[in-house]
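Colleague: I am new to this structure. Please show me how to read its features one by one.

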Amino acid sequence: LSGVEEAALIFKGVQMREPPAPRVGRFVIDIGGGSTEFARGGSDRAPWVWSCGQGCVSLADRFFRRGLPLGTAFDAARAYLQDALPAFDPIGAGVDVIGTSGTIESVEAVLGANGRNDREITADGLAHLVRALVEGRWDADTGLLGLAPERVDIFPAGVALLDTLFR
């Protein structure tokens, strides 16, 4: 599948699982290992789909596995992503933003396990997570409450990507 085809299928799957309320648009984000897919639309199809070659594994390889301090890696990854990601119009009221994938589910699980969300990732909760990781208060390498062990090495990269998307 191409990234655009993947984005369209992910959107359709989300729509089948969680039908939208009448006249409510939806913006779906799927952060994968090597790419991130975006789809925006309503009803059962997304007229706008896009895929970019930035994912949590590719970002981990590029910025977080080079022995840099975590704060430096975060700053470098976010600076890179500012140019690599598409420029989105602000998501207005009446549009549901839904994230799919292990990365987004992991962020939600960590925030929830640490009392920072209720099945919803907020800008405040995400900012708290970023600060905690960068300041070493939550150490992904030694185990982070709510984080699956197999996601430890890619988690900071996924957080940096999601944080950039929120911004």
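Modeller: Start with contact, which means heavy atoms within 4.5 Å. Helices (H or I, at least four residues) and strands (E, at least two) are DSSP runs, numbered from the N terminus. This is a predicted model, where local features need pLDDT of at least 70, side-chain atom pairs count only at pLDDT 80 or more, and totals for chains, interfaces and linings use all residues. Residues are numbered from 1 along each chain as its sequence is written, and side-chain values use heavy atoms, with hydrogens and water left out.

Colleague: How many helices and strands does the protein chain have?

Modeller: The protein chain has six helices and four strands. Their order along the sequence is α-β-β-β-α-α-β-α-α-α. The radius of gyration is taken over C-alpha atoms, and the globule rule is 2.2 Å times the number of residues to the power 0.38. The protein chain has a radius of gyration of 16 Å, close to the 15 Å from the globule rule for 167 residues, so it is as compact as a globular protein of that length. Its C-alpha atoms fill a box of roughly 45 × 30 × 25 Å along the principal axes.

Colleague: What share of the residues counts as buried?

Modeller: Buried means under 20% relative accessible area, exposed over 50%, and partly exposed in between (1.4 Å probe, protein chains only). Of the 167 residues of the protein chain, 44% are buried. Now look at contacts between residues at least 6 apart in sequence: 60% of them join residues at least 24 apart.

Colleague: Which residues of helix 3 are buried?

Modeller: First the general idea. An α-helix has 3.6 residues a turn, so residues three or four places apart point the same way. In helix 3, the buried residues are G71, A73, F74, A77, R78 and L81. They cover an arc of only 155° around the axis, which puts them on the same side of helix 3. The arc is that of the directions from the helix axis to the C-beta atoms. Among the elements that cover these buried residues are helix 2 (56-64), helix 5 (123-134) and helix 6 (155-166).

Colleague: What span should helix 4 have?

Modeller: The expected span is 1.5 Å times one less than the number of residues. Helix 4 (residues 102-113) has 12 residues and should span 16 Å; its end C-alpha atoms are 16 Å apart, which agrees. Its buried residues include I104, V107 and L111. The buried residues of helix 4 pack against strand 1 (25-31), helix 2, strand 4 (95-100), helix 5 and helix 6.

Colleague: Where is S101?

Modeller: S101 sits in the loop between strand 4 and helix 4. A polar contact is a pair of N or O atoms within 3.5 Å; within protein, one must be able to donate a hydrogen and the other to accept it, and residues adjacent in sequence count only if both atoms are side-chain atoms. A side-chain oxygen of S101 comes to within 3.4 Å of the backbone nitrogen of T103. The S101 side chain also reaches the backbone oxygen of I31 at 3.0 Å. S101 counts as buried, at 13% relative accessibility.

Colleague: How many disulfides does the structure hold?

Modeller: A disulfide is a pair of cysteine sulfur atoms within 2.5 Å. The structure holds zero disulfides. The sulfur of C56 is 12 Å from the closest cysteine sulfur, in C52, too far for a bond. C52 is buried, at 5% relative accessible area, and C56 is buried at 2%.
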